[in-house]
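Take a look at the chain and its fold below. Keep both in view as you read.

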Amino acid sequence: MTSDAEPAPVRLAELVASLSLGIDLGFGQPMEHVLRQCLIALRVAERLGLDDEARAAVYYTALLVNVGCHTDAHEQAKWFGDDIALKANKYEHDLRGVRAAVSGMRMIGAGNPPLHRFRIGLSFVLSGYREVADMIDHHAAMARMLGEQLELSSEVLDGLSAAYEMWDGKGWPGKLGGDAIPLPARLAQLGEFVEVAQRIGGVEAVRAIVRERRGDQFDPVLCELVDTEAPELLSDLDTIVTWDAVIDAEPALTVTLHGKQFDAALLAIANFVDLKSPYMLGHAHAVAELAARAAVEHGLPELATTMRRAGFVHDLGRLGISNAIWDKRAPLGRGEWERVRLHPYLTERMLQQSNALASLGAIAAEHRERLDGSGYPRGVSGSAISRPGRILAAADAYQAMREPRPHRPARSPDEAAAELRADAKAGRLDADAVEAVLGAAGHRISRRRDGPFGLTAREVDVLRLLAVGLSNKEIAQRLVITPKTVGNHVEHIYGKIDVRARAGAGLFAMQHGLLPEETFPAVAPVA
């Protein structure tokens, strides 16, 4: 079981690199797109002879350059349907060209019936275009805001603020041009487009884009360098272990996060991800605090810090799912549900490459699993779901019910508590975790916690021992009751869970997470 004992420090580079994998998904790009663009920008910086401090600014600017682009995904989906598909178009056309404008106009109201698309288009002409025109400016400002919360250097912050400026002065917000654009911003933007070109078309595609946009979008000196040295700059991008290369390439002194500093960074990122949908504002923070208090209520205070951190990261994978789904008021279709079911898995994938974050990702991946196997993404059941995962699942379910969603209003505390207990009784959620979460949320709870399928607390005790092969006499000795009472309990258990023998009871215990948590010592012989 995960514990809070002596947590290892976490490198800021690992945390930001993990977040970048979600940024990739939000742009419809393969994971490690941002990591690769960071390596390209760093390699160009090295050829320019930049020192460690200057390269550190390039490093973090390149990793975070597009982090603000999901913060208005709700508005993007409102106008264009699929916000991820919209952002994926970024690399297909010149951002200021006619084809880019036509492509965007064709997406207005996408996914809606023709009449509704017409209404959205009319509304866009009347007022929406102003909202969209301000989006890119907003993205840079939001990226800078996250950089400030992560306490990054002023050079990084200035680079993020100028992330969408262009060499000819016609970028966004259009206040800077030429050498006035901070070098980290110029290198990060160049690295971003070069990465896509190299991945799709190789060296010749890279040379084509830097020649085409030299002196317009990109710094001509940087374009000349890339054009000349493209084979050497890009030669091993498809063969190296990208994650290791990026983490090892962090310039200057390694920045590590300890204790409260780590918690503050996780909270900043969690709040930032929650901005993706207005229905999720503050969700991760609330789940984190509820899960931490529930661990204490559950008698596991040593897990409180781990539960809080798992709560902060549990929904990072939402970045990879379109707001056309998250903000949809109508019932989701089968294909949409399949995409929703991926988001805990995506969270795990984002965090698994970092040794310091992988354990949190493993817990986060369980927050939608259910004891009866009806959850997702893997449909595991019973004892295959960890104790922290069960607590997080109950905390997330309760908090989600207390918040409004596109298809329903927020439920009252009593309604949420009743539904949570119903899920425990039906064997979907862990009954102990549910009561711990409800206690942490301020509900009056009974310390006598019943199990699934109407099993009483004492029947659960008997079932646990029965499942591991103890006889009625051994169970009686263990629980300090008579063998006849044990027999009565066993009869009731079999009737409630509809089995006829110990093997069936053992399978039920496994499926519902009711096996003893420790191996029992040998029982003394019964006279």
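The paragraphs below move from the core to one helix and then to charged pairs.

This is a predicted model, in which local features need pLDDT of at least 70, side-chain atom pairs count only at pLDDT 80 or more, and totals for chains, interfaces and linings use all residues. Residues are numbered from 1 along each chain as its sequence is written, and side-chain values use heavy atoms, with hydrogens and water left out.

Start inside. A nonpolar core is a set of buried Ala, Val, Leu, Ile, Met, Phe, Trp, Tyr and Cys residues joined through side-chain atoms within 4.5 Å. Buried means under 20% relative accessible area, exposed means over 50%, and partly exposed lies in between (1.4 Å probe, protein chains only). The largest nonpolar core has 115 residues. Leu19, Tyr59, Leu64, Leu146 and Leu420 have the most contacts inside it. Helix H10 (residues 183-212) gives the largest share of this core, 10 residues. Apart from this core lies another, of 21 residues, with Leu463 and Ile497 among them.

Now follow Leu146. Contact means heavy atoms within 4.5 Å. Leaving aside neighbours within four places in sequence, Leu146 is in contact with Leu19, Leu64, Val67, Ala268, Ile269 and Phe272.

Next comes helix H13, residues 259-274. Helices are DSSP runs (H or I, at least four residues), numbered from the N terminus. H13 has 16 residues and reaches 23 Å from its first C-alpha to its last. That is close to the 22 Å expected at 1.5 Å a residue; the expected span is 1.5 Å times one less than the number of residues. Among the buried residues of H13 are Ala268, Ile269 and Phe272.

Then turn to charge. Why do some side chains pair up? Side chains of opposite charge can pair when their charged atoms come close. A salt bridge is a side-chain nitrogen of Lys or Arg within 4 Å of a carboxyl oxygen of Asp or Glu. By this rule the count is 34.

One of these joins Asp238 and Arg36, with the closest N and O atoms 3.2 Å apart. Asp238 sits in the loop between helices H11 and H12, Arg36 in helix H2, 202 residues apart. Asp238 is exposed, at 58%, whereas Arg36 is buried, at 8%. Arg36, Glu195, Arg199 and Asp238 are linked in a network of salt bridges.

Arg43 and Asp236 also form a salt bridge (2.9 Å, N to O). Arg43 lies in H2 and Asp236 in the loop between H11 and H12, so this pair ties together parts 193 residues apart in sequence.

Conventions: Helix = DSSP H or I, 4+ residues; strand = E, 2+ residues; numbered from the N terminus.
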